[in-house]
Amino acid sequence: MRLHRNLVFATVDALAEIFNEGNYADKVIEKTLKRDKRWGSRDRSFIAETTYDIVRWKRLYAEIAEVKEPFKREDLFRMFAVWCVLRGIKIPDWPQFEKTPERRIKGKFDELSRIRKFRESVPDWMDDLGVKELGEKVWTKEIHALNEQAPVVIRANKLKTTAKDLAEKLKEEGIETFNLRNYPEALVLKERANIFRTKAFKEGLFEVQDASSQRVAEFLDVEPGMRVVDTCAGAGGKTLHLSALMENKGQIIALDIYGNKLKELKRRAKRAGAHNVETRSIDSNKVIKKLYGSADRVLIDAPCSGLGVLSRNPDAKWKLEPEFLDRIRNTQLEILEQYSKIVKKGGKMVYATCSVLPSENQKQVQNFLKTEEGKQFRLLKEKSILSSESGYDGFYMAALQKE
């Protein structure tokens with residue numbers, strides 16, 4: 001593999017923004033890829049995948065390169081050189097890579113690979129927490145799985161097509177997929193591709209949605225004609241799935257505190273042909289209070305640590321802090337207590353997170369059931385999905401019924 005100067009420099013620039021300025025990797029990469037219109041798909045995928053790779057293994061590479069944050073430009077080139085050596089890529093004869101100690105890099109890698117926090121490239125506190133909550137054996141497997149590159153999974157939009165027909169259409173556009181057993185609407189891409197440029201996407205035939213995430217809407221047990229409230233809808237991946245499961249009949253009220261996310265949801269709903277979705281921005285408690293006791297089904301896709309989705313958001317490893325986790329657990333319980341009031345008698349609610357930590361999941365549900373509001377509910381079923389067992393995102397969901 002021959003390295004091209006402009007692609008390597010673009011990658012180093014992106015890393016400087018992510019590591020030193022604290023910007024989100026996906027946004028930085030999106031902006032970087034617009035820098036040169038002459039770049040083809042292979043060039044763009046080199047920048048994106050290499051940047052994500054170095055972000056994912058930041059701690060390990062920095063330790064091998066013997067550099068510390070904030071990283072100077074030469075530090076980032078040293079980390080890039082580590083990436084090259086560990087992948088068997090010939091380092092170019094450029095001034096930036098002078099005197100790269102290839103043998104020492106390999107030796108240091110072998111030495112550090114014996115220690116999990118370096119081998120899996122995680123902060124000390126996260127490694128300690130993983131062991132405390134999941135146990136040594138499970139955490140070792142789980143963090144290893146969460147460091148794998150996430151596959152691209154899409155959900156066929158049942159309002160417009162079937163998984164079988166969608167697979168045929170994508171094949172005609174040069175994109176090969178395969179079915180997933182026990183996931184009726186899911187297709188997995190055999191190779192990464194820019195599927196947002198396809199005709200099938202523009203026609204609203206599918207949404208990009210991880211296989212584990214596709215389990216959540218099914219867990220809510222919705223039926224056509226119901227009144228459903230999605231309380232933390234965001235940009236609406238699960239909202240649109242609910243609409244398809246309800247065959248566009250009934251009403252879905254999508255709530256969120258971020259108005260810009262709801263605007264994106266409106267755009268997506270229009271493309272998907274989901275006509276039973278209404279968005280409402282939570283700008284005061286009145287918005288919630290008006291809905292008390294009115295919904296057949298309530299989905300609480302709660303804000304969380306996001307530890308179950310590290311494979312697609314590797315920079316979260318470096319942005320998360322223990323203090324945030326303490327705050328978010330309090331927020332989760334407050335949301336459960338308040339939003340559960342929207343469920344009518346006999347109605348059901350699903351609490352879900354994209355975390356693998358029991359303290360955000362099973363323990364939160366147990367805490368809620370002990371509260372005044374929670375005493376009106378009983379736990380019907382719960383499901384924990386580990387990335388190491390499923391091959392997809394780590395998720396948790398609990399279905400509860402109001403007595």
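Modeller: Glu17 is buried, at a relative accessible area of 15%; buried here means under 20%, exposed over 50% and partly exposed in between, computed with a 1.4 Å probe on protein chains only. This is a predicted model, in which local features need pLDDT of at least 70 and side-chain atom pairs count only at pLDDT 80 or more, while totals for chains, interfaces and linings use all residues. Residues are numbered from 1 along each chain as its sequence is written, and side-chain values use heavy atoms, with hydrogens and water left out.

The side chain of Glu17 forms a salt bridge with that of Lys31, at 3.0 Å from N to O. Glu17 is in helix H1 and Lys31 in helix H2 (residues 25-32), so the pair ties together parts that are 14 residues apart in sequence. A salt bridge is a side-chain nitrogen of Lys or Arg within 4 Å of a carboxyl oxygen of Asp or Glu; helices (H or I, at least four residues) and strands (E, at least two) are DSSP runs numbered from the N terminus.

The structure holds 34 salt bridges. Among them is one between Glu203 and Lys199, whose closest N and O atoms are 3.6 Å apart. Glu203 is partly exposed at 31% relative accessibility, and Lys199 is exposed at 55%. Another joins the side chains of Glu207 and Arg271 at 3.2 Å, N to O. This pair links distant parts of the chain, with Glu207 in strand S4 (residues 206-208) and Arg271 in helix H14 (residues 259-272), 64 residues apart. Glu207 is buried, with a relative accessible area of 4%, whereas Arg271 is partly exposed at 21%. Asp13, Arg35 and Arg73 are linked in a network of salt bridges.

Helix H1 (residues 5-21) also holds Thr11, which is buried at 0% relative accessibility. Beyond its neighbours within four places in sequence, Thr11 is in contact (heavy atoms within 4.5 Å) with Phe46, Ile47, Thr50, Thr51 and Phe80.
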